[in-house]
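Biologist: I am new to this structure. Could you show me how to read it, feature by feature?

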Amino acid sequence: MSDSRDTIYANPLQTAGLFSFDARVAEVFPDMIQRSVPGYTNIVAMTGLLAQRFATPGSNLYDLGCSLGASSLAMRRNIDSDDCRIIGVDNSPAMLARCREIVDADDTATPVELLCADLADVAIENASVVVLNFTLQFVPQGQRNAVIERIYQGLRPGGILVLSEKVVFENPHLDALNIELHHEFKRANGYSDLEIAQKRAALENVLVPESLAHHKQRMQGAGFGACDVWFQCFNFASMIALK
């Protein structure tokens, strides 16, 4: 099972259409996200270490928006608490089908359950770790507060939320600078100006980023007592929030 190079937006399109996690994206996703999201490898690896620290015996660990299961596997390979279960959730059948192949090929003992469902329909229960790695940005803004509140309610005391997102800067000059730096990152990874422009158009109104201050306010409003950034590269950041 080899991963293909992302060339989805390499040719001129009459209309790019809205971005979706369809079979085309599932086929090239590892290449796409490595070449598009600065720091992605570090965030996933450190998600595993955070899970190792915060997983408690008999609890659930959730990977919400699990895509091909990178964060699920990072947690699976690092935790050593007894009787834990990892629950990966994604609403894309194409992504989840490929995720099942990848998870089944891994022989680590901790069970991984995969659910094809919308985040709004998933109950968070008995959780010690919840991961939202580049997922909330695709949830309609009017539903985001409820998602974070439900996560808080479903976490055990002492549990952790890991939230990674593309972010906007409140200062317009810094925002413009970091957008351009992100584009330079993509050019350095082999994407053409055409690919960058067409991908950006396809993601318009599909991926809707918010500021770090907005994320922090939302998590504190849900009840989290401590939350802050632990990793950032350009306009991509990861936060942790503790219950």
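Modeller: Let us begin with one residue and its neighbours. Leaving aside residues up to four places away in sequence, Ser72 touches Asp63, Cys66, Ile86 and Gly88. Keep in mind that this is a predicted model.

Biologist: Where is the place of Ser72? And does Ser72 count as buried or exposed?

Modeller: Ser72 sits in helix H3. Its relative accessibility is 0%, so Ser72 counts as buried. The cut-off for buried is under 20% relative accessible area.

Biologist: Now a strand residue, please. Which residues does Arg85 touch, not counting residues up to four places away in sequence?

Modeller: Arg85 belongs to strand E2. With that same exclusion of residues up to four places away, Arg85 touches Ser59, Asn60, Leu61, Pro111 and Glu113. Its relative accessible area is 33%, so Arg85 is partly exposed.

Biologist: What separates the C-alpha atoms of Arg85 and His215?

Modeller: A distance of 27 Å separates those C-alpha atoms. Along the chain, Arg85 and His215 are 130 residues apart.

Biologist: Next topic: salt bridges. What is the general idea?

Modeller: Side chains of opposite charge can pair when their charged atoms come close. The rule here asks for a side-chain nitrogen of Lys or Arg within 4 Å of a carboxyl oxygen of Asp or Glu. Eleven salt bridges are counted by this rule.

Biologist: Show me one. What is the N to O distance between the side chains of Asp22 and Arg24?

Modeller: It is 3.8 Å, and these two side chains form a salt bridge. Asp22 has 26% relative accessibility, so it counts as partly exposed. Arg24, at 47%, also counts as partly exposed.

Biologist: And a pair that links distant parts of the chain?

Modeller: Take Asp106 and Arg77, whose side chains meet in a salt bridge at 2.9 Å, N to O. This pair links distant parts of the chain, 29 residues apart. Asp106 is in the loop between helix H4 (93-104) and strand E3 (112-116). Arg77 is in the loop between helix H3 (70-76) and strand E2 (85-90).

Biologist: Is Asp106 buried or exposed? What about Arg77, buried or exposed?

Modeller: Asp106 counts as buried, because its relative accessibility is 11%. Arg77 counts as exposed, because its value is 53%.

Biologist: Which residue forms a salt bridge with Glu210?

Modeller: Arg218 does, and the closest N and O atoms are 2.9 Å apart. Both Glu210 and Arg218 are buried. Elsewhere, salt bridges with shared partners join Glu180, Glu184, Arg187 and Asp193 into one network.

Biologist: Now helix packing. How do I read the meeting of two helices?

Modeller: Look at the angle, the axis distance and the residues in contact. Helix H6 (residues 172-188) and helix H7 (residues 193-203) pack at about 130 degrees, their axes 10 Å apart. That angle makes H6 oblique to H7. The crossing of H6 past H7 is right-handed.

Biologist: Which residues in H6 and H7 meet?

Modeller: From H6 come Ile179, His183, Lys186 and Arg187. From H7 come Asp193, Ile196, Lys199 and Arg200. The contact divides into two nonpolar, one polar and five charged residues.

Biologist: At what angle do the axes of H1 and H4 cross?

Modeller: Roughly 45 degrees, where the axes of helix H1 (residues 23-36) and H4 come within 8 Å. So H1 is oblique to H4. The crossing of H1 and H4 is right-handed. Ala23, Val25, Ala26, Glu27 and Phe29 in H1 meet Ala94, Met95 and Arg98 in H4. This contact has six nonpolar residues, no polar ones and two charged.

Biologist: Last, the backbone. What should I look for in phi?

Modeller: Look for a positive phi in a residue other than glycine. Asp83 shows this, with phi near 60 degrees. Asp83 lies in the loop between H3 and E2. At 69% relative accessibility, it counts as exposed.

Biologist: What is phi in Phe134? And is Phe134 buried or exposed?

Modeller: Phe134 is not a glycine, and its phi is positive, about 60 degrees. The loop between strand E4 (127-133) and helix H5 (141-154) holds Phe134. Its relative accessibility is 9%, so Phe134 counts as buried.

Notes:
Residues are numbered from 1 along each chain as its sequence is written. This is a predicted model: local features need pLDDT of at least 70, side-chain atom pairs count only at pLDDT 80 or more; totals for chains, interfaces and linings use all residues. Side-chain values use heavy atoms; hydrogens and water are left out. Buried means under 20% relative accessible area, exposed over 50%, partly exposed in between (1.4 Å probe, protein chains only). Helices (H or I, at least four residues) and strands (E, at least two) are DSSP runs, numbered from the N terminus. Axes are lines fitted to C-alpha atoms, for helices over the stretch in contact, and angles run from 0 to 180 degrees between N-to-C directions. Angles under 35 degrees count as roughly parallel, over 145 as roughly antiparallel, 65 to 115 as roughly perpendicular and the rest as oblique. A crossing is left-handed if the near helix is turned anticlockwise from the far one by less than a right angle, and right-handed if clockwise. Contact means heavy atoms within 4.5 Å. Ala, Val, Leu, Ile, Met, Phe, Trp, Tyr, Cys and Pro count as nonpolar, Asp, Glu, Lys and Arg as charged, and the others, Gly among them, as polar.
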